[in-house]
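Please examine the chain shown here before reading the notes on its fold and on selected residues.

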Amino acid sequence: MTDLILTTFDWVPETPRGYVRDIRVRWALEEAGLPYRVNSVPFRARDTEHFSHQPFGQVPWLTDGDISIFESGAILLHLGNRSGVLMPADPRSRSEAVEWLFAALNSVEMASLPWSLFQFSDDTGDTPGWKRLVDFLNARLQHMEPVLAGREWLVGTFSVADILMADVLRLVDRFDGLAAYPACRDYVARATARPSFVKAHADQMAHFAAAD
Ligand SMILES: N[C@@H](CCC(=O)N[C@@H](CS)C(=O)NCC(=O)O)C(=O)O
């Protein structure tokens with residue numbers, strides 16, 4: 001019997017498949033070799049039980065025994081503290097991994113997500129709003145590029161910070177937004193070649209396909 005239960009939707013439309021944020025949690029659990037099971041909640045009808053775990057009615061959340069955690073970053077921090085292989089051991093490197101975890105979410109994803117949403121909607125015309133989003137994202141990527149050109153992983157060995165940063169950049173890469181940033185693109189390729197990501201991705205695709 002496993003204590004770790006990852007909850008995601010039972011089904012999502014085709015477009016976000018492979019990119020639903022439960023993949024971050026699956027990936028971390030696979031890297032850590034922790035046993036877990038996946039639970040589904042309805043995509044179309046979100047009840048009060050769902051909102052009691054995730055106040056925005058979103059996914060993922062993770063339960064670890066009687067602890068329930070929402071926000072993919074918080075879940076990965078929890079797993080990083082629980083497992084010996086998802087975070088560096090020494091305090092300085094650990095602190096750096098936490099910095100990069102927040103940087104992925106609060107500096108890079110803050111710029112990449114609106115950009116990606118406009119890409120999804122094919123709303124990338126010659127407008128001041130779109131130009132502002134492109135500039136915002138480039139302002140982050142131009143600083144990530146030299147960081148990632150100089151190292152294999154963000155902090156020494158592969159960590160939860162890399163899961164988040166690679167997953168954030170992966171969505172940009174989907175729309176060819178890393179074309180001018182070869183080190184970022186190579187980093188995404190390196191991270192997503194890891195067997196744990198390959199399994200997590202295949203499992204997510206199979207999970208949603210099973211509900212079609
Ligand atoms: N900040 C949250 C975002 C969660 C999120 O955006 N989840 C998406 C799936 S990737 C979702 O549930 N979308 C449905 C909705 O917003 O109604 C996290 O990182 O966990």
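The briefing below goes from the whole chain to single residues.

This is a predicted model, in which local features need pLDDT of at least 70, side-chain atom pairs count only at pLDDT 80 or more, and totals for chains, interfaces and linings use all residues. Residues are numbered from 1 along each chain as its sequence is written, and side-chain values use heavy atoms, with hydrogens and water left out.

**Overall architecture**

- The chain contains 8 helices and 4 strands; helices (H or I, at least four residues) and strands (E, at least two) are DSSP runs, numbered from the N terminus.
- Read from the N terminus, the order of elements is β-α-β-α-β-β-α-α-α-α-α-α.
- The radius of gyration of the chain is 17 Å, which agrees with the value near 17 Å for a compact globule of 212 residues. This radius is taken over C-alpha atoms, and the globule rule is 2.2 Å times the number of residues to the power 0.38.
- Along the principal axes, the C-alpha atoms fill a box of roughly 50 × 45 × 30 Å.
- Among contacts with a separation of 6 or more, 71% join residues 24 or more positions apart; contact means heavy atoms within 4.5 Å.

**Surface and charge**

- Of the 212 residues, 47% count as buried. Buried means under 20% relative accessible area, exposed over 50%, and partly exposed in between (1.4 Å probe, protein chains only).
- The accessible surface comes to about 10300 Å², and carbon and sulfur atoms hold 54% of it. Accessible areas come from the Shrake-Rupley method with a 1.4 Å probe; for residues, only the protein chains shown count as cover.

**Two buried residues with polar side-chain contacts**

- T8 belongs to strand β1 (residues 4-9) and is classed as buried because its relative accessible area is 0%.
- The side chains of T8 and D22 form a polar contact of 2.5 Å. Such a contact is a pair of N or O atoms within 3.5 Å; within protein, one must be able to donate a hydrogen and the other to accept it, and residues adjacent in sequence count only if both atoms are side-chain atoms.
- Apart from neighbours within four places in sequence, the residues in contact with T8 include V20, R26, V41, H207 and F208.
- S72 is part of helix α3 (residues 72-82), and its relative accessible area of 5% makes S72 buried.
- A polar contact of 3.0 Å links the side chain of S72 to that of R24.
- Residues up to four places away in sequence aside, S72 touches R21, R24 and L164.

**Two partly exposed residues**

- R151 sits in the loop between α5 (128-149) and α6 (160-174), and it counts as partly exposed because its relative accessibility is 33%.
- The side chain of R151 reaches the backbone oxygen of V147 at 3.3 Å.
- Not counting residues up to four places away in sequence, R151 touches W100 and R190.
- The C-alpha atoms of R151 and A183 are 9.5 Å apart, although 32 residues separate the two in sequence.
- D3 touches T63, D64 and G65, leaving out residues up to four places away in sequence.
- D3 and L62 lie 59 residues apart in sequence, with 9.9 Å between their C-alpha atoms.

**Backbone features in loops**

- The peptide bond between V59 and P60 is cis, with omega at about 5°; P60 is in the loop between α2 (48-53) and β3 (61-64).
- D122 is not a glycine, yet it has a positive phi of about 55°. D122 is in the loop between α4 (91-120) and α5 and is exposed at 66% relative accessible area.
- D176, also not a glycine, has a positive phi of about 60°. Its place is the loop between α6 and α7 (182-192), and D176 is exposed at 53% relative accessible area.
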